[in-house]
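Please read them with the structure open beside you.

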There are 2 protein chains.
Amino acid sequence: MGAEVVMKKCQVILASGSPRRKELLGLIFPDFTVQPSPFDEKSLNPADFSPERLVETLSRCKAETVYNTFCNDNTDCIPILVVGGDTVVVSPDGEVMGKPASSEDAARMLRTLSGRCHRVITGVSFFYRDGEKQKAKTFSVETKVWFYPLSESEISGYLDSGEPFDKAGSYGIQGLGGLLVQKIEGDYWNVVGLPAGRLKRELSACGIL
Amino acid sequence: MGAEVVMKKCQVILASGSPRRKELLGLIFPDFTVQPSPFDEKSLNPADFSPERLVETLSRCKAETVYNTFCNDNTDCIPILVVGGDTVVVSPDGEVMGKPASSEDAARMLRTLSGRCHRVITGVSFFYRDGEKQKAKTFSVETKVWFYPLSESEISGYLDSGEPFDKAGSYGIQGLGGLLVQKIEGDYWNVVGLPAGRLKRELSACGIL
């Protein structure tokens, strides 16, 4: 996709440990480093933010923390780009769903989503520096997701797969959880964890790609 | 997902050589055989059908040909399930797009889809037999896909990746082609080639799962 020339002289860092974000960023950049952010998410109170502002703020804090670690005052170093992301599920009742605390919590979330439409919002931030030139951008993308009505045996079968436990909203649309989804409206990869097409365009608009 | 018990006593056959359909059917069935159908698609004239009827007919012919090969008059044999699928892209102008004939054809298709909304329709058929009991079903699912406006360099970069050439409409939404997609409305896996969630529910409704 024409990204190779730029990337030979830019250090790209993903400030997230998510294997799904890693896979998606790999569609834009052939080569990058993963550096999960040390930023403590618990230092923010989710109740103080709308879901959009929450994921935007979290993605910015995650990316900026890593950027500050890698960037220094030496303007002769090669360009650096740090990308961060954060995803939440907003239930039909407005509850912001993170990762489940337990099996019971995961079952409760899946029952809440069953047969209804919810929102998935991913915030993305990037920080870029090339000598004196600096760029930074934060945005969020929303996708609507409709679940099929789920039976109790379907919910317990899905819990048994182990898939729900590290996923916001207790499902992964790219795995067995995709069998629970009737349709979506919006960007699919945004539900997976990174709206890669939009990110590529935002990077182009900033002259980074 | 509770499918394992049934599958121990049922021979499942995918009548398609598509690696993408293989991956998606694997979400429903832990174990199955791939047997691409010998049915000659060219024996049908696409102009004689609406896009929905075309993919439904092709999926049925593909699955039935394989079913007839494997099924015999011995009602004592283990149950057999054959699944077939066929996907087309319908351009904003109503052109039914199959796989591109050449690089120029692929570029033409991508230019046609650029910045606009098109439809992806997958037809699915299954044939099932358990002793005297027989079931068969055909359905189709439509998903709307919006492309970002594409530059000529983006189109040529995508062609260089080699990805477009075995794909209806000249793109694969699950690969680099996903970077061209702004949003969808409907089932994502239907665009990939098999609406697995809907198929699972249709099989359940027939008492097969």
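Is the crossing of α4(B) and α5(B) left-handed or right-handed?

1. In this predicted model, the crossing of α4(B) and α5(B) is right-handed. The contact draws on S103(B), A106(B), A107(B), L110(B) and R111(B) from α4(B), and on I155(B), Y158(B) and L159(B) from α5(B); by class, six of the residues in this contact are nonpolar, one is polar and one is charged.

2. As for the geometry of that pair, α4 (residues 103-113) and α5 (residues 152-160) of chain B pack at an angle of about 135°, and their axes are 10 Å apart. Because of that angle, α4(B) is oblique to α5(B).

3. Turning to the interface, 24 residues of chain A are in contact with 25 residues of chain B. On the chain A side, α5 (152-160), β7 (181-186), α6 (188-192) and α7 (196-205) each supply at least two residues, with the largest share, six residues, coming from β7(A). By class, this side of chain A has twelve nonpolar, seven polar and five charged residues.

4. Strand β7(A) is also joined by three bridges to β7 (residues 181-186) of chain B, and the two strands run antiparallel; within this pairing, I184(A) stands opposite G186(B).

5. In α7(A), the buried residues are A196(A), G197(A), R198(A), L199(A), K200(A) and L203(A), and they pack against α2 (19-25), β5 (117-130), β6 (133-147) and α6 of chain A, together with β7 of chain B. Just after α7(A), G207(A) adopts a positive phi of about 75°.

Methods:
Residues numbered from 1 in each chain as written. Chains lettered and ligands numbered in written order. Predicted model: local features only at pLDDT ≥ 70, side-chain atom pairs only at ≥ 80, totals over all residues. Contact = placed C-beta atoms within 7 Å. Helix = DSSP H or I, 4+ residues; strand = E, 2+ residues; numbered from the N terminus. Nonpolar A, V, L, I, M, F, W, Y, C, P; charged D, E, K, R; others polar. Pairing = 2+ DSSP bridges. Buried ≥ 20, exposed ≤ 12 C-beta atoms within 10 Å, placed from the backbone. Axes fitted to C-alpha atoms, helices over the stretch in contact; angles between N-to-C directions. Parallel < 35°, antiparallel > 145°, perpendicular 65-115°, else oblique. Left-handed = near helix turned anticlockwise from the far one by under 90°.
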